[in-house]
Amino acid sequence: MSYYGTSCCRHQDLFTSANYISLCAKRAFAFYMDLSSVIFLIIIVGRFLFFDVDTAAGDVGLAITQAAGLAMIVQFALMQWSETESNMTSVERALEYTYLRQETKEGIKLEDWPKKGEINYVNVSLTYRSTNEKVLKNISFAVKSKQKIGIVGRTGAGKSSIISTLFRLYNYEGQIFVDDVEIKTLSLEFLRQHISIIPQDPIMFQGTIRKRTSILYSNTPMKRYGKLSIK
Ligand SMILES: Nc1ncnc2c1ncn2[C@@H]1O[C@H](COP(=O)(O)OP(=O)(O)OP(=O)(O)O)[C@@H](O)[C@H]1O
Ligand SMILES: [Mg+2]
């Protein structure tokens, strides 16, 4: 099967298993709610049958229909409550982003940068804070202007990590020069507006190629895309 077929099946399996568990939980909840409603009704009917002899038949009927209706309303309210609770998990996840520390806005902006597109890595090392493990160890290489290079390595070797340092997504040690400018001196917004990457995971986006090839969706002048062609 093709890569996309396998990937689609894997995601479908994940979705189905999560959906099945959610469905089972809902059914179990509805079953126990029905059971408690029936017990509630039995108690009311039992009371009229065995402990109260004075109540008129019409009142008994009214009490039973009202009790049955009340049980359904309570059941519906509890269902809605549990739905709200589970939906609030999404809100909680979105709120987590508001607690993240904002990236620095310091740094310079240059006129007409990058001009040639020469990249120079000098003793670059990268450690992810979450693992404390050095994934890039003193990497040095140079890419000349208009040169096309391929970086080959097994999965987890650090290819994407190299690209992430170019965008300063993480704090790295060492120096990275693009057209002889150390990118740490540039403002993050400026740097990311002027470099583009095409990641390995395909994602369908809405909008134009022009908007999507700039990480901050800026209105980069159209002349930059004059040579853009699809092969
Ligand atoms: N955000 C992260 N936090 C912690 N560790 C990470 C993070 N991203 C990557 N790693 C780890 O860094 C190492 C290098 O990963 P990286 O994604 O750069 O490899 P890769 O060469 O691009 O792999 P692939 O070919 O699968 O894309 C791996 O061991 C990975 O587990
Ligand atoms: Mg990768």
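This is a predicted model: local features need pLDDT of at least 70, side-chain atom pairs count only at pLDDT 80 or more; totals for chains, interfaces and linings use all residues.
Helices (H or I, at least four residues) and strands (E, at least two) are DSSP runs, numbered from the N terminus. The UniProt record, an unreviewed entry, annotates residues 136–208 as "domain: ABC transporter"; such annotations, given in the numbering used here and with shortened feature names, may be inferred rather than shown by experiment.

Four strands form an open sheet in the order E2-E1-E3-E4, with antiparallel pairing; two strands pair if DSSP finds at least two bridges between them. Strand E2 (134–143) and strand E4 (181–182) are the edge strands, each pairing on one side only. Helix H3 (residues 159–166) packs on the sheet and touches E1, E2 and E3, where contact means heavy atoms within 4.5 Å. The direction of H3 makes about 110° with that of E1; axes are lines fitted to C-alpha atoms, for helices over the stretch in contact, and angles run from 0 to 180 degrees between N-to-C directions.

| Pair | Sense | Bridges |
|---|---|---|
| E1 and E2 | antiparallel | six bridges |
| E1 (residues 119–127) and E3 (residues 172–178) | antiparallel | six bridges |

Isoleucine 119 has valine 143 in E2 as its bridge partner, while leucine 126 stands opposite tyrosine 172 in E3. The hairpin of E1 and E2 has six residues between the strands, and asparagine 132 there takes a positive phi near 60°.

Residues are numbered from 1 along each chain as its sequence is written, and chains are lettered from A and ligands numbered from 1 in the order in which they are written. Local features need pLDDT of at least 70, side-chain atom pairs count only at pLDDT 80 or more, and totals for chains, interfaces and linings use all residues, while side-chain values use heavy atoms, with hydrogens and water left out.
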